[in-house]
Amino acid sequence: TDLPRSPPAAAEPRHASPAAPRRLREKLRTAARMAGPPAHTAPGSRQQVQGGERRAEPATGAPAARETRAPFRFDYERFRRSLRHPVRGRRTGEDPETRARRMKIKEMMKFAWDNYKQYALGKNELRPLSKNGHIGNMFGGLRGATVVDALDTLYIMELEEEFQEAKKWVEKNFDLNVNGEASLFEVNIRYIGGLLAAYYLTGEEVFKSKALELGEKLLPAFNTPTGIPRSLFSPCSGMSWSWGWASAGSSILAEFGTLHLEFLHLSELSGNPVFAEKASTSQLVLNRVEKPQGLYPNFLSPVTGNWVQHHVSIGGLGDSFYEYLIKSWLMSDKKDSEAKKMYDDALEAIEKHLVRKSAGGLTYIAEWRGGVLDHKMGHLACFSGGMIALGAEHAGEERKQHYVDLAAEITNTCHESYARSDTKLGPEAFRFDAGTEAMATRLSERYYILRPEVVESYMYMWRLTHDPKYRQWGWEVVKALEKHCRVEAGFSGIRDVYTTTPTHDNMQQSFFLAETLKYLYLLFCEDDVLSLDDWVFNTEAHPLPVNHTNFKA
């Protein structure tokens, strides 16, 4: 059962389990510490979780990335010439109101960045009320999460001076030789994704070299009998282990299923196939394992490759796995037919078993617990309107309109969760039971931590349909953020969306700069700014290019 959770006072994993601890364990669970970076030699040991106990086991040597790499150079200039649209678009013939709204969102980004720089530069997030920085322990000693998450947003918004400040910090201060307990998933989507996107947008070598160096430090997490990685790793010692709260040492679907985009690009830029091979193993295991009713449960054993319990969610613990299936196909220039089939089959099962319509006519995606539906939808699940819209664009003609309609209905439901609150911001989760529709019924679900998923779906729905209501809904979010979340020194989450005098949680999440403000900005841009013909967004909204060709120099 879900344990109640108060609003987090720390960086929030995008796919946080309601039962997850709000803080990772402070202390590194390892006695061994290697002298050199783990990727250059086989890691010394790995943590094996069996029967609730951890014991160190000898590692099965991860491929030593630098030893196997052939001389390789990625031809950046040729890559840039292959793009079908200028990265920042052509900006022709837009109306003054749209431009003014976009400029307002740019001002919000500058305000968020300037306060982070003043009070917290080098820390992971800004605490805007106390005007200091927060490090947390989700990133294993890595620093500057907001810097790396903000790079591409600053660049796209043409905040040139601020982009150079962020780049300078990465060059001079971003230390990868740290000892701590890091989430493989969070480091991948925020740091690897942010660095890769910054490189592809600018061609600055420092971003590529840091991404590849950090990518090598992730490899020991894959040293398991199945090749399914464990959730946590130490960047220095090469040890890995599972979340303490995850059943029987299992790995989480949304975590090991959300590596494909970034790891393929690590191979693309390094010439080293090991990254792509690691990511593809997860897809192979998932393709082979039997799916109850065609659904993918959230917990899988990295030892046996079997499901650990039958909880299915399109929100936290499951969400971005589905997103990466359709995006893997798109990023492959529509060549990865296996990913497309897995997506199509999963969506069919979701529609059959999880999609429901409330008495009031709202379409939502329930959660599934061993065959019993839980009629709730998390804010995290609100990305699904955008995902289904993205997939609809490429469905067969007979199914395309069906999926456009489904995407619009789910996005409308998520909009209702905002419209029905006093602040016009949405709760962490909302329910459809006991006469309640699209509202939180539990105190522990009433908070809003600057999450992006609803505006993400507005952006995709705008690009697919150009229905002006999506821009209007996005502007309502801008006004609500300004009214309720903007404080003297940044933006803060709030503890209760159902009161017009909310208490702030004193945290400016890094994903607010990476995702929420970027998607809002793109909603008021022309479609050729980060065109979906050229780019696929990772689950932290970092744009990665579609592989139109091979750019080996």
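Me: What makes Ala429 the bridge partner of Gly378 part of a strand pairing?

Reply: Ala429 in strand 17 is the bridge partner of Gly378. Two strands pair if DSSP finds at least two bridges between them; strand 16 and strand 17 (residues 429-433) have three bridges, in the antiparallel sense, and therefore count as paired. Strands here are DSSP runs of E with at least two residues, and helices are runs of H or I with at least four, numbered from the N terminus. This is a predicted model, in which local features need pLDDT of at least 70, side-chain atom pairs count only at pLDDT 80 or more, and totals for chains, interfaces and linings use all residues. Residues are numbered from 1 along each chain as its sequence is written, and side-chain values use heavy atoms, without hydrogens and water.

Me: Why are strand 16 and strand 18 called edge strands?

Reply: Strand 16 (376-378) and strand 18 (436-439) each pair on one side only. They belong to an open sheet of three strands with the order 16-17-18 and antiparallel pairing.

Me: Why are helix 9 and helix 11 called roughly parallel?

Reply: Helix 9 (residues 260-270) and helix 11 (residues 319-331) pack at about 30°, with their axes 9 Å apart. Axes are lines fitted to C-alpha atoms, for helices over the stretch in contact, and angles run from 0 to 180 degrees between N-to-C directions. Angles under 35 degrees count as roughly parallel, over 145 as roughly antiparallel, 65 to 115 as roughly perpendicular and the rest as oblique. The two helices are therefore roughly parallel to each other.

Me: Which residues of helix 9 meet helix 11?

Reply: His260, Leu261, Glu262, Leu264 and His265 meet Tyr324, Lys327, Ser328 and Met331, where contact means heavy atoms within 4.5 Å.
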